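Keep the view open and follow along.

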Amino acid sequence: FFCLSLQAKMSRPVHSRRLEGVDKNIWVEFVKLAATYSTVNLGQGFPDFPPPDFLKEALVTALSGENHMLHQYTRAFGHPPLVKILAQFFGKLLGQDLDPMTNVMVTVGAYQALFCCFQAFVDEGDEVIIIEPFFDCYEPMVTMAGGTPVFVPLRPKAPENGKMMSSADWKLDSAELASKFNERTKAIVLNSPNNPLGKVFSRGELELIADLCVKHDVLCISDEVYEWLVYDGKEHIRIASLPGMWDHTVIIGSAGKTFSATGWKVGWTVGPNRLLQHIRTVHQNSVYHCATVAQEAVAQGFQREFMLYGKPDSYFVQLPKELQKKRDWLVQSLDAAGMKPIIPEGTYFLLADISNFKSDVPDNPNSDEPYDSRFAKWMVKNKGLAAIPLSAFYCRAHKNNYSHFIRFCFAKEEATLKAASDILQKWKQEKTSP
């Protein structure tokens, strides 16, 4: 009798329906693989170099200074010095007079900002347009909020003869995008510069998205965490600055990507109060509060950058110059080894076409796992080099359409990139030796 009653109790599901189908996470699996096998990890998107000295000094001062209140709770929606300088800084960039108390909210990294947006705006039956390839959390977060993700891909166009492919060669089809908007569409997620591709959306592409948002009264959740990391003289255009879009847009930013301190987990949202008031409700009923000392240090960093804006000493000027050199180093190393890199216009990342390496990891038509995923697992186990399969950034129905690319992170020390280059060169020699 006891066993039967125990079985009866255990037969009832303990998890909520919103968790069904979202339990697996690519990072859990690949981070574990990288920790176990890799000698060089170009998988996860974090720098292995330190944040700038001025930011570290600001954190030390916040921790050890005489203001003991920095060890206590601060304002739930953002430490006052941080929201004030963010309002000042982004007000200048957007041409808006921003109220730090109503137009800015600080979050536990951009990740929590995204979660708050989906929970605040998406209802059962709402559709959310996601541009592929996409940062992988968008889909499960939409699903957990009760929404339906609707996918529209960037489609690669072959470059001119002899040229390497660029992230700019991956384009939206305007008619295809327009066909995804209907009366059920609640929001579109824009990620520019885009992870994993490194694409920086052009003004024309942003105007296309903006016109559709205004026409259909659709929100734009604009993930701009790589806003300062653009290369080759490209310009990051903020969609909220386009006509009609301020009132339709929530901008998401990240101190982790801005100041090379991903472990600090300080992010923010910027937008009109009519949208942010609902994000504040989710925030106050979830994490409620972010680390005060980290917010204080980030505030100091932004105050410095506000004074130096556009000047050679600005970290926002120096960092992309350094990362462009690292990008070019990795592009050359991959190209020399026989992989075909796609040159990114922004971010920490570049994709490489692995078609020339299929002889190392033969295709398996009986496997449900995309080829690039099996390749990336084989590569970390057999070559000690960790990367992430591009198929991880596509919905289930489209994973096998783009399964011959892997993503590398080049925001690494020179020694790390050199070690990766050595692995690639040795690999090439093994392939070409009789």
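Which residue follows α12, and what is its phi? This is a predicted model, and in it the residue after α12 is Gly338, with a positive phi near 105°.

Now back up along the helix itself. α12 runs over residues 315–337, and its 23 residues reach 33 Å from the first C-alpha to the last, close to the 33 Å expected at 1.5 Å a residue. At its start, a side-chain oxygen of Ser314 comes to within 3.1 Å of the backbone nitrogen of Phe316.

Next, look for a partner. Two packed helices are described by the angle between their axes and the distance between the axes. For α12 and α14 (residues 414–432), the axes come within 9 Å and cross at roughly 10°. Angles under 35 degrees count as roughly parallel, so α12 and α14 are roughly parallel to each other. On the α12 side, the contact is made by Lys326, Trp329, Ser333, Leu334, Ala336 and Ala337; facing them in α14 are Glu414, Leu417, Lys418, Ser421, Leu424, Gln425 and Lys428. Sorted by class, that contact has 6 nonpolar, 3 polar and 4 charged residues.

Helix α4 (residues 80–94) has 15 residues and spans 21 Å between its end C-alphas, close to the 21 Å expected. Its buried residues include Leu82, Val83, Ile85, Leu86, Phe89 and Phe90, and what covers the buried residues includes β2, β9, β10, α11 and α12. After α4 comes Gly95, again with a positive phi, near 70°.

Lys265 sits between α9 and β10 and, at 37% relative accessibility, counts as partly exposed. In sequence Lys265 and Val108 are 157 residues apart, yet their C-alphas are 5.2 Å apart in space. Beyond its sequence neighbours within four places, Lys265 touches Thr107, Val108, Gly109 and Tyr111.

Leaving aside neighbours within four places in sequence, its contacts include Cys213, Asp217, Cys220 and Arg274.

Technical notes. Residues are numbered from 1 along each chain as its sequence is written. This is a predicted model: local features need pLDDT of at least 70, side-chain atom pairs count only at pLDDT 80 or more; totals for chains, interfaces and linings use all residues. Side-chain values use heavy atoms; hydrogens and water are left out. Axes are lines fitted to C-alpha atoms, for helices over the stretch in contact, and angles run from 0 to 180 degrees between N-to-C directions. Helices (H or I, at least four residues) and strands (E, at least two) are DSSP runs, numbered from the N terminus. Angles under 35 degrees count as roughly parallel, over 145 as roughly antiparallel, 65 to 115 as roughly perpendicular and the rest as oblique. Contact means heavy atoms within 4.5 Å. Ala, Val, Leu, Ile, Met, Phe, Trp, Tyr, Cys and Pro count as nonpolar, Asp, Glu, Lys and Arg as charged, and the others, Gly among them, as polar. The expected span of a helix is 1.5 Å times one less than its number of residues. A polar contact is a pair of N or O atoms within 3.5 Å; within protein, one must be able to donate a hydrogen and the other to accept it, and residues adjacent in sequence count only if both atoms are side-chain atoms. Buried means under 20% relative accessible area, exposed over 50%, partly exposed in between (1.4 Å probe, protein chains only).
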